[in-house]
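Open the structure in your viewer and keep the sequence panel beside it. The stops below go from the whole chain to single residues.

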Amino acid sequence: MWSEQGRLPHQVTSGHPGGGNSSAAALLSYDVPHRAPWDWRVSLYTWTKGIAAGTYLVALLLVLGGAVAATDALWTLATPIVAGGFLGLTGLILVLDLEHPLRFGLIFTRPRWRSWLVRGAFIIAAYGLVLAAHFGLGLAGAGRAALWLGAGGGALAVATAGYTAYLFAQARARDLWQSPLLPPHLVVQALLAGAAALSPLALLLAPRALPLLLAVLAGSAAVHLLMALAEITLDHPTAHARLAAREMYAGRFAAPFWGGAAAVAVALLAPAVGPLAAPFALAGLLAHEHAHVQAGQAVPLA
């Protein structure tokens, strides 16, 4: 049993402070090795995916709200370019995170439909097709026609932002990720990321949309912070979830969690400071994602 544990830095050895032949050392020797297989790539993937989904959602809201015309460059070209660029980056990170990246095509040729990894890949692919069509119509000067894609594009953007919650929930042994707050929280984070990504562009391409855009940025930042606060203050149903949450707000990942919250809090001032709040919001979201992904894996399964 000892020989099958693998080489992990925290393994018990004969030089363990508790004594190589003590009962405590023996018990730990037969414990289950603890691994956290999802590293910074998963945190980065959820962040880039949020920007890709949120950029389209926020731009669609601006057009439907009358702040941006369907013929404005912010809608016709900037939106599909930014959303498509970050969606492509998301796909690249997703492939590189696989244990066998070269087998990625099997997701489409031999899909296992019960897996949210497979479902998510098809959602991302469909969303990418909508963005490509939007870009083509924008180049053709048919921004109003691109607006007809909004119903399908908006639904796919929401699905792109939120499906990761169901992917995380399939990791049954990670209790922190079983929260019913996670799907709506990811959509809120996408709105926050999209508003932040579009703010500097709106300053150049559609200044009259900036007040509404900054209001969306501040409002989504407030909701995100409230939901993050709920995550750490509501009682968790299992000891595993409570320990993971504690690692997030008071343990190894407290620095990115609280640092991310402080950075996002700057976005509350967006109506006053303008697009200067955007990089703080994006950096804060990335830090929050890292803390959440790593804390969920921080509690040993044994």
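A contact here means heavy atoms within 4.5 Å. By that rule, residues 24 or more positions apart account for 75% of the contacts in the protein chain with a separation of 6 or more.

This is a predicted model, in which local features need pLDDT of at least 70, side-chain atom pairs count only at pLDDT 80 or more, and totals for chains, interfaces and linings use all residues. Residues are numbered from 1 along each chain as its sequence is written, and side-chain values use heavy atoms, with hydrogens and water left out.

**Whole chain**

Show the chain as a cartoon. The secondary structure comes to 13 helices and 0 strands, where helices (H or I, at least four residues) and strands (E, at least two) are DSSP runs numbered from the N terminus. Of the 302 residues, 46% are buried; buried means under 20% relative accessible area, exposed over 50%, and partly exposed in between, with a 1.4 Å probe and protein chains only.

**Confidence**

Colour by pLDDT, the predictor's confidence in each residue, from 0 to 100. The chain has a mean of 87, and 87% of its residues reach 70 or more. Now select residues 10-16, where pLDDT stays under 50. Where pLDDT is low, the predicted coordinates should not be read in detail.

**The core**

Which residues have the most contacts inside the largest nonpolar core? Select Val68, Leu74, Trp75, Leu213 and Leu217; the core they belong to has 76 residues. Helix H2 (residues 40-64) gives the most to this core, with 13 residues. A nonpolar core is a set of buried Ala, Val, Leu, Ile, Met, Phe, Trp, Tyr and Cys residues joined through side-chain atoms within 4.5 Å. Stay on Leu213: leaving aside residues up to four places away in sequence, Leu213 touches Val58, Leu62, Ala195, Leu198, Ser199 and Ala202.

**Helix H5**

Next select residues 116-139, helix H5. H5 has 24 residues and reaches 34 Å from its first C-alpha to its last, close to the 34 Å expected at 1.5 Å a residue; the expected span is 1.5 Å times one less than the number of residues. Its buried residues include Trp116, Ile123, Tyr127 and His134. Among the elements that cover the buried residues of H5 are H2, helix H3 (73-97) and H7.

Ala133, also in H5, counts as partly exposed because its relative accessibility is 33%. Its C-alpha is 7.8 Å from that of Ala146, 13 residues apart in sequence.

**Rings**

Show the aromatic side chains. Rings of Phe, Tyr and Trp (its six-membered ring) pair if their centres lie within 6.5 Å; planes under 30 degrees apart count as stacked, over 60 as edge-to-face and the rest as tilted. The count comes to 8 aromatic pairs. One of them is Trp116 with Tyr166, stacked at 5.0 Å centre to centre and 25° between the planes. This pair links helix H5 to helix H7 (residues 150-169), 50 residues apart. Ring pairs also link Tyr56, Trp75 and Tyr127 into a cluster.

Return to Trp116: the charged end of Arg119 sits over its ring, 4.8 Å from the centre. That requires NZ of Lys or CZ of Arg within 6 Å of the ring centre and within 35 degrees of the ring normal.

**Last stop**

Is Gln297 buried or exposed? Gln297, in the segment after helix H13 (278-296), counts as buried because its relative accessibility is 2%.
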